[in-house]
Amino acid sequence: MSTRQFGARVQRNEDARLITGRGRFVDDLPLDGVLHGAFARSAVARGRITHLDTTAARALPGVHRVYTHADLGELDVTMPLLIPHPCIGHPRTQYPLAHEDVYHVGQAIAFVVADDRYIAEDAARLIEIDYDILPVEVDPAKAALDGAPLVHEDVPNNIAAHLVQVSGDPDAAFAAADHVTRIQVRVDRSTAAPMECLSTAARWDAVSGELTVWDGTQAPIGLRGALSSLFDLDEDKVRVVAPDVGGGFGPKIVFPYSNEILVPFAAKDLRRPVKWVEDRSENFVHMTHERTQIHDIELAATSDGVVLGLRDTFLHDTGSFIPYGIAVAQVASTQIAGPYRIPAIHVTFDCVYTPTVPVTPYRGCGRPQANFAIERAMDQLAAELGIDRFEIRRRNFIAPDEFPYTRPDLVFADGLPVTLDSGRYDDALAALEKALDLDAIRAEQEQARAEGRLLGLGLSFYVEGTGLGPYEGAKIRLHPITGKAYVNTGLTAQGQGHETAWAQIVADQIGVRPEDVIVVEGDTGVFDWGVATFASRAAVVSGNAVHVAAVSARARIAQAAANMLEADPDDIELENGRAFVRGTSSRGVTLAEVATMSNPLRYAFNKAAQTATQFAPTARSTGKPLPDGERPGIEVSEYYSPPHATWAYGVHAALVEVDPVTCDIDVKRYVCVHDCGNMINPMIVEGQVAGGVAQGMGGAFYEKLEYDENGVLRNASFMDFLVPYATEVPHIEMIHMETPSPLNPLGIKGVGEAGTIPVGQVIASAVEDALSPLGAPPVRQVPLSPSAIHDLLREARVSA
Amino acid sequence: MKPPCYEYVAPDTLAGALRVRAECEDSVVLAGGQSLVPTLNFRLANPDTVIDLRRVAELATVDTRDGMIRVGAMTRQRTLERNEAAFARNPLIRETMEYIAHPVIRSRGTIGGSVAHADPASELPCLLVLLDGELTARSSRGERTIPAADFFEFVFTTALEPEELLVEVAFPVLEPGEGWAFREFARRHGDFAVAGAGATLLLDDAGRIARARLAACGVATTPVRLRAAEEALRGAEPGTEAFRAAGELARDAVTTVDDTAASADYRRHLLSGLVNDVLTRAAARARGPR
Ligand SMILES: Cc1cc2nc3c(=O)[nH]c(=O)nc-3n(C[C@H](O)[C@H](O)[C@H](O)COP(=O)(O)OP(=O)(O)OC[C@H]3O[C@@H](n4cnc5c(N)ncnc54)[C@H](O)[C@@H]3O)c2cc1C
């Protein structure tokens, strides 16, 4: 065999295209005669529309149609609740276009279609909308109190869902404890801010009755299902294509957004292609958000710092609707005990409606909040018991020989009990301590403190259930003319590198170069079995499906080549795009020839095809050209379904200096140890982790969506919502560990969200440590900011 | 985020630009476009006519004679930043301009555009207020010179009349031996300042402070001179004590309320620290050989 591609730092197949501007995104599609859409959106948070007049907009030259809910016919229904759950007592989802009631600033009210986007926006502004403004409460804690203004009149206390989960015997654990630590922590609202906002284009073919929708989505198959149902079309008549997608991070898993209904609807109605690309201003008030949770967490421990039980009660802000169910809260609740043994857990949450943009998973999906809660509590427990922060964690880790480790009755997002499959937590922490050189750091800290400088060390250990089912599939086809392999899956990529990772897996099996494996995804016209890209699952679930398919393709190639070479299939080797008998590499055939010969032909449409026609010397002389039970060509489809989630983990630490004048932080070192099982491509893994840490830095220190008391977003632009630049992201020292997952053939665990999860806690604990000599209060909330650090410093000064 | 419909003209001469300016009821001037284009795209401005000055070569000049650095309004920020003659006469200009956005934006953005835009967090308006600079405005009816102290009236609001164009921005040179410093804090590299402070410091023969000038940006509706601190410094011994006291006196200059970037309380703390810092560095330079 040639060099193994799995595990190698292979250059990404997609990069040349993407970084030289040859990517093709929805907005790049050259659709003949395309019309452009724009939405009129609610200017108020909670209101009742008293007057809606589109006359002036319709009269503007260049405007084709202006739609309101009354024009939508069968489509004027509330959108699906994608993941129903029995605990959602009051499920509410929105209409494609608002009826009388509006529930958040930015909710779509009308859709204009015009010759170009300029005219469409002009017209949208001419739509007259008056509202009766209703009272609002945007803070989920206050919104859940008696007497608070209601988002949905018939939902008491704005509680959408309520879930209690008990694992083990928490009451006994708390009764037996020497010490109980209790804290309240809060993580604030953010947005994924993908580089490409939402985007949809559609074309209705009146001849064939087919609807084609190009959409910047993470879930083309799901969207196809929703559109076929809504438009009452056969699934084969709806094709959803996700072309290049400029970042997803979660919000693009949600469907259908208003645009995903209105754009195809208008295309069908007007018999013209229609395109709509969300602009940044809209993105802030339309694409879903995530993060606000308030946790009251308690740890029951022995005096040695062994945690016996955990109680956590939290509020989850779900915004004005709950289209994706309780996913975020559920993931938070099931990851609340982190890497720790903690045998008794009581976790309760309420999902609270607030008159804000709906909340659905964003990279991390509840884990950053859960990690913040448990790790802040562990730090607090360590401080109260006088135990070192590293040591207290070590005392509570699940040991390698305790896996699989099940938390009975704690049900994860796949509907199965939490079962951590493998890990070497202790080794990871030791690797971190070594990389940091803890003794040196402590000396440096002492020195800094003597000089009056504020230097602090923070750490966070996280686990992440990844690779959720139900399943994914892959199709591999060997091309008879070029000998290249074509791979299709039901997923879609938003920059993660599937075109390379899948190619590496296939290359190893069939002996071709990764660049000769062509991956085409995100097109229901090409492959339409599977689920979607989310929850750090692509590499685990699709990667293994691709592997299983590649093994099967290899077997078929070996069989066909064995027939051609009159050898035993077991003696066939595949290398450099050729099949040959082991030990005699000169006696071989190219994969193109194998593909050609395995497809009996009648017509010699090219030179190679001659060999497969009926009178060629190589043709089968006896029997059926295609024996019973055989299929033509080299083409296989296989599927992989994981038994349950596989658990990745890691530990990050940062050395941070706080500037007492600017109250800014300088991250002097950022060290990350992580384990995502076997790595397909370490370079891609590093990109994922680094990108995750960058996004985590946003959530730790920069990015906070601020609603005012009227429910208006105060910082809905990149001038005021601060996504960190490269200059704000520290250099990351990365240490890889590879503990293979026992659950899948490739031993993979997911890594897409890993980097994001621990950063809030890392920065919070580092800042807390830095300010501790001054007697500053503990850090209980992220994102931090210079103003927040200033408040901590001032409180320290007051109490001093 | 598409701009509204407007007429676009790009005259070749200042006279031509002034003529359009006089004729049009509702025109705006396009200089480097770094602030105006987003303003149009957000539809915060809805003009009938946009007058693009990029072809008016006579406004893209830098002249360093007679104790003033006279800069044509259409001079790109990067050009002035890199101008060696200006640097030799007033090095504070370069130190301050390095805080404006990013190099790509400074390559397009103009001196006149930044000044006419009058963002209270902007560096150049602050510098002009600090140095007692002068602004020259012209309309088809004539020209007038406006002291910086009178030019900046409110957020995004200046003393320019609707038919006037800003044609020249004049920065005084520093005195021999005068110390100087500028520093600001922005949350991200290149962002508008949360707060910034500039200082010049002239010592007398006895080594005491003969003249201290201090100004701040980002803390009020316009750039502000920190007069109380300046007064307190006159005749004082330069040093930690005086500078810290000046920083304390600067706090009151903060009149912005809490916003998403910073709490007012934090801004006061920040400004006082920045003032202390720029004074310290200006003092070090004042003593040094020049
Ligand atoms: C990401 C980003 C970060 C930035 N950060 C900073 C920063 O930190 N500090 C800072 O100071 N600036 C910053 N800016 C703004 C930048 O410096 C702009 O260049 C400057 O504010 C405007 O200059 P301009 O030449 O682009 O003017 P334009 O945008 O073309 O015009 C700005 C305004 O001035 C008016 N105007 C322009 N020229 C004249 C004239 N001759 N007479 C009358 N009116 C005129 C215009 O009509 C318009 O109202 C930033 C911009 C961006 C995009």
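1. A term to begin with: a salt bridge here is a side-chain nitrogen of Lys or Arg within 4 Å of a carboxyl oxygen of Asp or Glu. Please also keep in mind that this is a predicted model.

2. With that term in hand, how many salt bridges are there between chain B and chain A? The count is four. One to look up in the viewer pairs A:Asp122 with B:Arg43, where the closest N and O atoms are 2.7 Å apart. This pair qualifies as a salt bridge because its N and O atoms, at 2.7 Å, fall within the 4 Å cut-off.

3. Polar contacts join these two chains as well: 15 residue pairs are counted between chain B and chain A, with both residues at pLDDT 80 or more. Which element of chain B gives the most to the side that touches chain A? That is H12(B), with six residues.

4. What kinds of residues does chain B bring to chain A? Sorted by class, its touching side has ten nonpolar, six polar and nine charged residues.

5. Now for the extent of the chain contact. Chain A contributes 37 residues and chain B contributes 25 residues. Together the two chains bury about 2,600 Å², and 53% of that area is on carbon and sulfur atoms.

6. Let us turn to the inside of chain B. Its assigned domains are domain 1 (7-52), domain 2 (57-172) and domain 3 (179-285). Taken over C-alpha atoms, the centres of domain 1 and domain 2 of chain B are separated by 19 Å. Where these two domains of chain B meet, twelve residues come from domain 1 and 19 residues from domain 2.

7. How much area do domain 1 and domain 2 of chain B bury between them? The value is about 1,200 Å², with 67% of it on carbon and sulfur atoms. Across this domain interface of chain B there are zero salt bridges, while three residue pairs are in polar contact, both residues being at pLDDT 80 or more.

8. Finally, have a look at the side of domain 1 of chain B that touches domain 2 of chain B. Helix H1 (residues 14-23) of chain B provides the largest share of that side, five residues. By class, this side of domain 1 of chain B has six nonpolar, four polar and two charged residues.

Technical notes:
Residues numbered from 1 in each chain as written. Chains lettered and ligands numbered in written order. Predicted model: local features only at pLDDT ≥ 70, side-chain atom pairs only at ≥ 80, totals over all residues. Heavy atoms only, no water. Contact = heavy atoms within 4.5 Å. Buried area = accessible area lost by both parts, 1.4 Å probe. Polar contact = N/O pair within 3.5 Å; in protein donor to acceptor, adjacent residues only side chain to side chain. Helix = DSSP H or I, 4+ residues; strand = E, 2+ residues; numbered from the N terminus. Nonpolar A, V, L, I, M, F, W, Y, C, P; charged D, E, K, R; others polar. Domains from an automatic or database assignment.
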